[in-house]
Amino acid sequence: MRQLLPIAEKGIYDNKNLVMTKSISAWKAYNRNVIEEAQQLGNNIEMTKNMVFPSTLPVLMFTTKEDKINEEWKTNITFYQDQLKNQKISKLIPLEGHHYLHWTQFKEMSKQVDDFIESYSNTL
């Protein structure tokens, strides 16, 4: 069950929070809906492959700084850059870390969200 715990610096989460996180994660990760979603992953990806965000929708994305290349010869960063190419207001923020960036980069992410909202609201 260790994989259900946040990967974070020692002391970020106290023991009470870790026990609670482990319980919630186990409960949420293995329920019927999550299992069904996993079984439909391939179909869902295929259905959304050509979907795009409305061009006027502000979009902020975070991704890991991975440089692995997928079967379409894209990295995480180039994949998301492609997704955002037609957005009038968008920002892609690569951060050091693993898939669950919010476990270790929550402070930076919070700051970036605040900055993005502030910069967007000033353009209205």
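**Pocket, patch and salt bridges**

Biologist: Starting with isoleucine 24, how exposed is that residue?

Modeller: Isoleucine 24 is partly exposed, because its relative accessible area is 40% (buried means under 20% relative accessible area, exposed means over 50%, and partly exposed lies in between, with a 1.4 Å probe and protein chains only). This is a predicted model, in which local features need pLDDT of at least 70 and side-chain atom pairs count only at pLDDT 80 or more, while totals for chains, interfaces and linings use all residues. Residues are numbered from 1 along each chain as its sequence is written, and side-chain values use heavy atoms, with hydrogens and water left out.

Biologist: Where does isoleucine 24 lie?

Modeller: Isoleucine 24 lies in helix H1, residues 15-29; helices (H or I, at least four residues) and strands (E, at least two) are DSSP runs numbered from the N terminus.

Biologist: And which residues form the nonpolar patch on the surface?

Modeller: Met20, Ile24 and Trp27 form the patch, and together they have about 360 Å² of accessible area, computed by the Shrake-Rupley method with a 1.4 Å probe, where for residues only the protein chains shown count as cover. Patches are made of residues with over 30% relative accessible area and no salt bridge, with like charges joined within 9 Å and nonpolar side chains (Val, Leu, Ile, Met, Phe, Trp, Tyr) joined within 5 Å.

Biologist: Changing topic, how much space lies in the largest pocket?

Modeller: The largest pocket holds about 670 Å³. On a 1 Å grid over the protein atoms alone, a pocket is an open set of points with protein on both sides within 12 Å along at least five of seven lines, whereas a cavity is a set where a 1.4 Å probe fits but cannot get out, and lining residues have an atom within 4 Å of a point. Grid points are joined across faces, edges and corners, and the volume is the space filled by probe spheres set on those points.

Biologist: Which lining residues are closest to the centre of that pocket?

Modeller: Of the 21 residues lining the largest pocket, Ile45, Asn70, Glu71, Glu72 and Phe79 are the closest to its centre.

Biologist: Which helix gives the largest share of the lining?

Modeller: H4 does, with five residues; helix H3 (41-48) and helix H4 (76-84) each supply at least two.

Biologist: What's the lining like by class?

Modeller: The lining has nine nonpolar, five polar and seven charged residues, counting Ala, Val, Leu, Ile, Met, Phe, Trp, Tyr, Cys and Pro as nonpolar, Asp, Glu, Lys and Arg as charged, and the others, Gly among them, as polar.

Biologist: How many salt bridges are there?

Modeller: The count comes to four, where a salt bridge is a side-chain nitrogen of Lys or Arg within 4 Å of a carboxyl oxygen of Asp or Glu. Among them, glutamate 96 pairs with lysine 65 at 3.8 Å, N to O. Glutamate 96 lies in the loop between strand E2 (90-95) and helix H5 (101-104), and lysine 65 in the loop between strand E1 (59-64) and H4, so the pair ties together parts that are 31 residues apart in sequence.

Biologist: And what is the salt-bridge distance for aspartate 82 and lysine 85?

Modeller: Their side chains meet at 3.1 Å, N to O; aspartate 82 is partly exposed at 29% relative accessibility, whereas lysine 85 is exposed at 58%.

Biologist: Last one, is methionine 109 buried or exposed?

Modeller: Methionine 109, found in helix H6 (residues 106-121), is buried, because its relative accessible area is 16%.
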